[in-house]
Amino acid sequence: MSTLHTINKSPFAHATLASCLQVCSKQDGILLLEDGVFGALISAPCAEEITTLIEAGLKVYALADDVNARGLQEKIRRDIHITDYNGFVQLSIEHNCVQSWY
Amino acid sequence: MNQTPSKKLLFISRHAPYGSSIAKDALDAVLASSAYDQQLSLLFMDDGVFQLLANQSSDGIGQKSFSAILPVLPLYEINSIYVHYESLLKRQITINELVIDSVQIIDSAAICSLLAEQDQLLSF
């Protein structure tokens, strides 16, 4: 059973991404949205943990509109998938539960 | 009448008491849900562990004390009350400072498994 975790706070100012990474499993997905997309930067706190988990199988997504709005199109790491609102719905269906780390 | 099979619901409470209504909302939701015959559990992590401190005297700020509310949870058939070990450790809170003693202290790896076995997660 997998969980979709959503993160909407910047990891530079909040610990929500760090908390999520502590307890998520490698079968899970993480969707970065709103200010959470700053977590897709290679300079983000927790970047190393994200790399380790992605290598173990975790999928990380970032919401395109929020990435673009903040001018991060060229800055986000390549191992994070860009998705849109339809993709968000699809991810919610594919995972058993959704946990919102607000 | 058809009995709908009961679901496993985990309430996750991650915010400190009093500063906002989130922590209180979580408890209200748990207590309300207890009327519907589901399998309820509650997890405190991050600043949510501050809700569990004994000796909270909140009269001065005009709010009801969590020290008074939390001990009634076991009476409402809340299956399990979990507390995240690393969150306690980071805040240097020891088990004997907690207002309820029927809690299960679990680490991150155990929470990972706990999340995977739920039908529904409710985050507060």
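Reader: How many bridges join strand 1 of chain A to strand 5 of chain A?

Author: Strands are DSSP runs of E with at least two residues, and helices are runs of H or I with at least four, both numbered from the N terminus. Two strands pair if DSSP finds at least two bridges between them. In this predicted model, 5 bridges join strand 1 (residues 3-7) of chain A to strand 5 of chain A, and the two run parallel. One bridge partner of interest: A:Thr6 has A:Ser100, in strand 5 of chain A.

Reader: In which order do the strands of chain A form the sheet?

Author: The order is 4-3-2-1-5, an open sheet of 5 strands with parallel pairing. Strand 4 (81-83) and strand 5 (97-101) of chain A are the edge strands, each pairing on one side only.

Reader: Happy with that! What pattern does chain B follow along the sequence?

Author: Chain B reads β-α-β-α-β-α-β-α-β, with 4 helices and 5 strands.

Reader: And how many of its residues are buried?

Author: A residue is buried if 20 or more other C-beta atoms, placed from the backbone, lie within 10 Å of its own; 12 or fewer makes it exposed, and in between it is partly exposed. In chain B, buried residues make up 30% of the 124 residues.

How values were computed
Residues are numbered from 1 along each chain as its sequence is written. Chains are lettered from A and ligands numbered from 1 in the order in which they are written. This is a predicted model: local features need pLDDT of at least 70, side-chain atom pairs count only at pLDDT 80 or more; totals for chains, interfaces and linings use all residues.
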